[in-house]
Amino acid sequence: MLKKTTFLFLLLLTIHAYSQIVVNYDDSFIMKFDNKISADSQRMADKFKQPIPFKLEINDSISLYKEIEKISNQQNESQIFIVGGTSKNIIYTNFVKGIQTEQLSVDDKNFLIKDSVVNYPWKLTKETDKLQGFNVYKAYFNKDENTLIEAWYSKEIPFRTGPGLYLGLPGLILKLKITYKDQSNSYKLIEATKVILGKSQKINPLTKGNQVNREEFKRVYDEYIKKVKENIIMDKSVDD
């Protein structure tokens, strides 16, 4: 017990001494099938299972979450259409001001959405596990009737943030699982692959893009999806 307490104390001293943490995450969309499926469906499932690498940079009052540029645009566009996401999603959070700025890219155009930090109704549990050498605890909440958010956070890393827009737990979120009632064979998984301590560096605010609200962005996004679907239909008609 004494050794464990000493280790945690030294870890916290080290974290505060460096004052910045970089966490690498893998973001995957897992599809499972109970019955035998076609070869095309299996290839699609395998493709979306391939993780997209993200990086979360954190200092005392600011964090920045963005994709690590290691993946082809073709795969990103596929995930946009199937999963309903957007490419090159970057999230800047200022904890002191309680503001998040999200940079989204659709059809090679950047958009900025600025909003207040959301206070999620997390329910803490006593379930524990270990991730990347850190003790983690489970928390969850129902985002809506269809979506369950499950997080595993570590009190040993005292930053109340995590991947994407999710934050507000008493420690850094190292694993996030999103399940959907209407898609029982699939779920989204974001899991830390590396935790790096570093010297504090300035994290600049996001400035590139047209500033819009979520309703305005949804209209742009819906129009883009409509265009993608029309192009797919046209391509199929040509092939036939």
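**Ground rules.** I take contact to mean heavy atoms within 4.5 Å. This is a predicted model, so local features need pLDDT of at least 70 and side-chain atom pairs count only at pLDDT 80 or more, while totals for chains, interfaces and linings use all residues. Residues are numbered from 1 along each chain as its sequence is written, and side-chain values use heavy atoms, with hydrogens and water left out.

**Entry: Gln100.** I looked up Gln100 and found it in strand S5; strands here are DSSP E runs of at least two residues, helices are H or I runs of at least four, and both are numbered from the N terminus. Is Gln100 buried or exposed? Gln100 counts as buried, at 7% relative accessibility. My cut-offs: buried is under 20% relative accessible area, exposed is over 50%, and partly exposed is in between, with a 1.4 Å probe and protein chains only. Setting aside neighbours within four places in sequence, I list Ile91, Tyr92, Thr93, Ile113, Lys114, Asp115, Val117, Leu165 and Leu167 as the contacts of Gln100. With Thr93, the side chain of Gln100 makes a polar contact of 3.1 Å. For that term I use N or O atoms within 3.5 Å; within protein, one must be able to donate a hydrogen and the other to accept it, and residues adjacent in sequence count only if both atoms are side-chain atoms.

**Entry: nonpolar cores.** A core here is a set of buried Ala, Val, Leu, Ile, Met, Phe, Trp, Tyr and Cys residues joined through side-chain atoms within 4.5 Å. The largest one has 33 residues, and the members touching the most others are Tyr25, Trp122, Tyr166, Leu174 and Leu176. I checked which elements give two or more residues to this core: strands S1 (19-31), S2 (52-58), S8 (134-142), S9 (147-154), S10 (172-180) and S11 (186-199). S10 has the largest share, 6 residues. Apart from this core lies another, of 10 residues, including Ile113, Val212, Phe217 and Tyr224.

Entry: Two strands pair if DSSP finds at least two bridges between them. S7 (residues 123-131) runs antiparallel to S8, with 6 bridges. Which residue of S8 is the bridge partner of Leu131? I found Phe134. The two strands form a hairpin with 2 residues between them, and Gln132 in the turn has a positive phi of about 50°.

Glu127 is in S7 and Lys138 in S8, so the pair ties together parts that are 11 residues apart in sequence. Glu127 is partly exposed at 42%, whereas Lys138 counts as buried at 17%.

**Entry: other salt bridges.** The rule is a side-chain nitrogen of Lys or Arg within 4 Å of a carboxyl oxygen of Asp or Glu. How many salt bridges does the structure hold? I get 9. Lys188 and Asp27 meet at 2.8 Å, N to O. Lys188 sits in S11 and Asp27 in S1, so this pair ties together parts that are 161 residues apart in sequence. Both Lys188 and Asp27 are buried.

Next, Glu102 and Arg214: their closest N and O atoms are 2.8 Å apart. Glu102 is in S5 (residues 99-106) and Arg214 in helix H4 (residues 214-239), so the pair links parts 112 residues apart in sequence. I note Glu102 as buried at 6% and Arg214 as partly exposed at 40%.

**Entry: rings.** Rings of Phe, Tyr and Trp (its six-membered ring) pair if their centres lie within 6.5 Å; planes under 30 degrees apart are stacked, over 60 edge-to-face, the rest tilted. I count 10 aromatic pairs by this rule. Phe111 and Phe217 have ring centres 5.8 Å apart and planes at 70°, so I log the pair as edge-to-face. Phe111 lies in S6 (residues 109-116) and Phe217 in H4, so the pair ties together parts 106 residues apart in sequence. Phe111 is buried at 7%, and Phe217 counts as buried at 9%.

Phe217 also pairs with Tyr221, stacked, at 6.3 Å centre to centre and 20° between the planes. These two are 4 residues apart in H4, about one helical turn, and both are buried. Last item: Tyr120, Trp122, Phe141 and Tyr166 form one aromatic cluster.
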